[in-house]
Amino acid sequence: MTEQLVDLGMPGEGTHGVPRVGSEQPPATKKDFTSDQEVRWCPGCGDYAVLAAVQSFLPGLGLRRENIVFVSGIGCSSRFPYYLDTYGMHSIHGRAPAIATGLATSRGDLSVWVVTGDGDALSIGGNHLIHALRRNVNLTILLFNNKIYGLTKGQYSPTSDVGTVTKSTPVGSVDHPFNPISLALGAGGTFVARTLDSDRAHLTEVLSAAAAHRGTSLVEIYQNCPIYNDGAFQLIKDRSEGRARIAYLSDGAPVRVGEDHVVVRDGSALTVVPESDADPADVVTHDAAAEDPTQAFALSRLDDRAMTHVPMGIFRQVERATYDDQVRAQVEGARASSPGATSDEELHSLLRGKDTWTVTG
């Protein structure tokens with residue numbers, strides 16, 4: 001098996017400037033990133049496909065296992081760190097982006113990943129998710145979306161469709177669901193993408209681009225729960241139906257849906273029409289690097305419950321200063337401003353600075 005290294009950094013560096021494996025060492029394989037833990041998901045769960053893709057993909061980054069960390073929250077997807085032979089943390093409900101932010105900021109030598117689900121990320125963890133995106137921390141966030149709470153036995157989630165009947169909504173949900181892509185774009189995400197658990201080639205392609213991006217990468221992965229929401233994405237998993245419904249986003253190319261439809265501008269909105277009826281001047285050309293996310297947001301709104309038109313791929317990919325890089329620069333600047341001072345002297349100066357109170361009596 002020949003491993004291809006993804007060139008993601010300066011010489012001797014990999015993802016986000018993390019040190020590479022030395023050339024004197026043999027190439028890593030999927031087995032090197034597979035732990036000895038028994039994988040415990042329900043038979044048929046889409047998580048198996050994503051795990052296999054990630055285990056096969058990681059060797060291509062050329063990074064040492066000890067420089068990779070997976071942080072998860074709570075949910076079925078959050079078992080992920082157990083099954084990877086890297087560092088990892090199964091953290092607390094919704095807080096994985098916050099924990100990962102601290103880790104990425106304090107340890108610039110690490111490639112930090114977050115694995116989360118639609119319930120974990122968008123319910124209790126919604127605040128942490130949007131601020132990680134806003135800050136543009138060096139994180140790669142994998143958001144597994146199966147439109148249900150699986151671990152706690154089938155309650156409706158923030159992405160469940162209106163009318164979904166579950167144990168917690170026996171006569172149908174009345175909540176309007178989140179669109180994770182729209183949410184991420186609205187929060188200022190610099191890399192926002194969507195893929196499908198069963199499309200191994202597309203999933204790997206999107207993961208490669210997400211890992212190479214400096215800043216917060218969010219990848220929504222449509223993932224099937226065979227127990228509590230089976231068939232939620234069957235319309236696009238079916239080969240013939242998928243060909244007619246999926247709009248694969250290719251940068252610099254017209255946005256096509258199936259073989260004979262295109263996306264066109266209709267005033268301030270986007271719509272899908274037969275290519276034979278489209279004015280070439282109105283056909284939308286995808287521009288993932290556009291600084292203005294308006295068109296990417298409009299593309300994200302093409303998706304609906306009927307899954308008639310489902311955009312897949314990278315919606316946005318732009319460069320912006322990252323939170324952790326800037327924080328580390330501030331720390332280095334503070335150290336440079338007091339050359340020769342010991343850490344004890346610096347701490348004493350901080351504690352005894354002018355913004356202190358003296359309490360007497």
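Asn136 sits in the loop that links helix H4 (126-135) to strand S4 (140-145). Helices here are DSSP runs of H or I with at least four residues, strands are runs of E with at least two, and both are numbered from the N terminus. Asn136 is not a glycine, yet its phi is positive, about 65°. Its relative accessibility is 0%, so Asn136 counts as buried. Buried means under 20% relative accessible area, exposed means over 50%, and partly exposed lies in between (1.4 Å probe, protein chains only).

Met307 is another non-glycine residue with a positive phi, about 50°. Its loop runs between helix H9 (294-300) and strand S11 (310-317). Met307 counts as buried because its relative accessibility is 6%.

## Basis of the model

This is a predicted model, in which local features need pLDDT of at least 70 and side-chain atom pairs count only at pLDDT 80 or more, while totals for chains, interfaces and linings use all residues. Residues are numbered from 1 along each chain as its sequence is written, and side-chain values use heavy atoms, with hydrogens and water left out.

## Nonpolar cores

The largest nonpolar core holds 35 residues. Leu129, Leu139, Leu218, Val255, Val263 and Leu299 have the most contacts inside it. A second, separate core has 33 residues, including Leu58, Val115, Phe144 and Ala209. A nonpolar core is a set of buried Ala, Val, Leu, Ile, Met, Phe, Trp, Tyr and Cys residues joined through side-chain atoms within 4.5 Å. In soluble globular proteins, nonpolar side chains tend to be buried together.

Two packed helices are described by the angle between their axes and the distance between the axes. Helix H2 (residues 96-106) packs on helix H10 (residues 323-336) at about 50°, and the axes are 8 Å apart. H2 is therefore oblique to H10. Axes are lines fitted to C-alpha atoms, for helices over the stretch in contact, and angles run from 0 to 180 degrees between N-to-C directions. Under 35 degrees counts as roughly parallel, over 145 as roughly antiparallel, 65 to 115 as roughly perpendicular, and the rest as oblique. Thr101, Ala104 and Thr105 of H2 meet Tyr323, Asp324, Val327 and Arg328 of H10. The residues of this H2 and H10 contact split into 3 nonpolar, 2 polar and 2 charged. Contact means heavy atoms within 4.5 Å. Ala, Val, Leu, Ile, Met, Phe, Trp, Tyr, Cys and Pro count as nonpolar, Asp, Glu, Lys and Arg as charged, and the others, Gly among them, as polar.

H2 also meets H4. Their axes come within 7 Å and cross at roughly 35°. Pro97, Ala98 and Thr101 of H2 make the contact with His128, Leu129 and Ala132 of H4. The contact of H2 with H4 has 4 nonpolar residues, 2 polar and no charged.

Helix H1 (residues 47-57) and helix H6 (residues 200-212) pack at about 50°, with axes 10 Å apart. They are therefore oblique to each other. Their crossing is right-handed. H1 contributes Val50, Ala52, Ala53, Val54, Ser56 and Phe57; H6 contributes Arg200, Leu203, Thr204, Leu207, Ser208 and Ala211. By class, the residues of the H1 and H6 contact are 8 nonpolar, 3 polar and 1 charged.

Gly46 lies in the segment before H1. It is buried, at 6% relative accessible area. Its C-alpha atom is 9.2 Å from that of Leu196, 150 residues away along the chain. Not counting residues up to four places away in sequence, Gly46 touches Asp197, Gln223 and Asn224.

Asp120 belongs to helix H3 (residues 118-124). It is buried, with 3% relative accessible area. Beyond its neighbours within four places in sequence, Asp120 contacts Gly73, Ile74, Ser78, Ile92, His93, Gly94 and Gly125. The C-alpha atoms of Asp120 and Tyr149 are 8.8 Å apart, across 29 residues of chain.

Ser250 is in the loop between strand S7 (246-249) and strand S8 (256-257). It is partly exposed, at 41%. A distance of 8.8 Å separates the C-alpha atoms of Ser250 and Thr285, which are 35 residues apart along the chain.

Definitions and conventions. A crossing is left-handed if the near helix is turned anticlockwise from the far one by less than a right angle, and right-handed if clockwise.
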